[in-house]
Amino acid sequence: LGLHQFGVDVATIGSKFSYTLADGSQGMGIPPIAPTLVMPWALPGPDGAPVEWNLAAIERLLPAAFSMAMLGAIESLLCAVVLDGMTGRKHSSNGELVGQGLGNILAPFFGGITATAAIARSAANVRAGATSPISGIVHALVVLAAILVLAPWLSWLPLSAMAALLLLVAWNMSEAHKVVDLVRRAPKSDVLVLLVCLSLTVIFDMVIAITFGVILASLLFMREIAKMTRLHNLADHKRYASEVSPSTLVYKINGPLFFAAAERVFDELLAQVKDHKELILQMEAVSILDAGGLTAFQQFAKRMAKAGVRLKVAELQFQPLKTLARAKVRPVPGELEFYGSLEEAIRGEHLHEAVEN
């Protein structure tokens, strides 16, 4: 206010934001009225014209609604994880999402918009000594009181002062020493996700950063899991060497057979099957067989049958067994057979039609 007297232009809340009330009166800054009950579907659109609600309008809104819901959930859970690190406690993800969902359903009836947990505001709350949900209630009451009583004075707040406050809060919650330690010691994939998220947050905004971060983290995670699925040759193992004939291959598959790993695993097996008449697969360590893995297995079994190679599968776990049963994969004597143990598969005794049962 003093600087304005000397002609110094300082951007404030009042100089940057304005409002128009229902009676047509206008003002600068924050409107000094309490939220009132409104029907969201009765409000005009961006152009001021009434919104026509039909199937086409709903179809246009659904993608944006889904994106906002997913990003809101991710940002709120990210905020909760940050606060867990600051307080040493453990949040309830279900409680967080249910509370946020109920709040976002009710907010439009009082003129509100979709909101999520805010890391900066929550971190400032914790730094101020908050220890229970009551702090959030007090915060809401203070905001309401500020709107009704302090709105004319709050309009004089310089935006630069608010920016400085946000920078201070961001620095306090960043825990830079932990970030440095993470970059030095964490796996390269985690460091890559961290740097991408940091860069995109600064260049664009948190929504874009979270979206790309989640996609990148998912791809890298699938890559790491796929690399864990490997083949082990058991034919030369001293326990089975004397029982395995030269025309028989015995391999153990370690890891999940899902779409990102199955093709590679079965291609490696195809390269090893040359000049052999029998292939035994021990699948005790295969915990997951998804649709991609099932398709790859069926194609592999057909190629083995066409090449005249007898395929034996031993020690299937429940989930892969259930997947094969649902796909109606049945034993074919001399082509595809299932056994309860590796020893039975090697000896060719006590054939188990496990999938059919």
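Strand E6, residues 310–314, pairs with strand E7 in the parallel sense over 4 bridges, where pairing requires that DSSP finds at least two bridges between the strands, and the bridge partner of Leu311 in E7 is Leu336. This is a predicted model, in which local features need pLDDT of at least 70 and side-chain atom pairs count only at pLDDT 80 or more, while totals for chains, interfaces and linings use all residues. Residues are numbered from 1 along each chain as its sequence is written, and side-chain values use heavy atoms, with hydrogens and water left out.

E7, residues 336–339, is covered on both faces, with Leu336 and Phe338 buried on one side and Glu337 and Tyr339 buried on the other; buried here means under 20% relative accessible area, computed with a 1.4 Å probe on protein chains only. Together with helix H14, residues 318–326, the strands E6 and E7 make a right-handed β-α-β unit, right-handed meaning that, with the strands pointing away from the viewer, the path from the first strand over the helix to the second runs clockwise.

Within H14 we find Thr323, which counts as buried because its relative accessibility is 16%. Leaving aside neighbours within four places in sequence, Thr323 is in contact with Leu289 and Leu294, contact meaning heavy atoms within 4.5 Å.

Finally, a word on confidence, for which pLDDT is the predictor's own score for each residue, from 0 to 100. The chain has a mean pLDDT of 86, and 95% of its residues reach 70 or more, but over residues 350–357 pLDDT stays under 50. Where pLDDT is low, the predicted coordinates should not be read in detail.

Technical notes
Buried means under 20% relative accessible area, exposed over 50%, partly exposed in between (1.4 Å probe, protein chains only). Helices (H or I, at least four residues) and strands (E, at least two) are DSSP runs, numbered from the N terminus.
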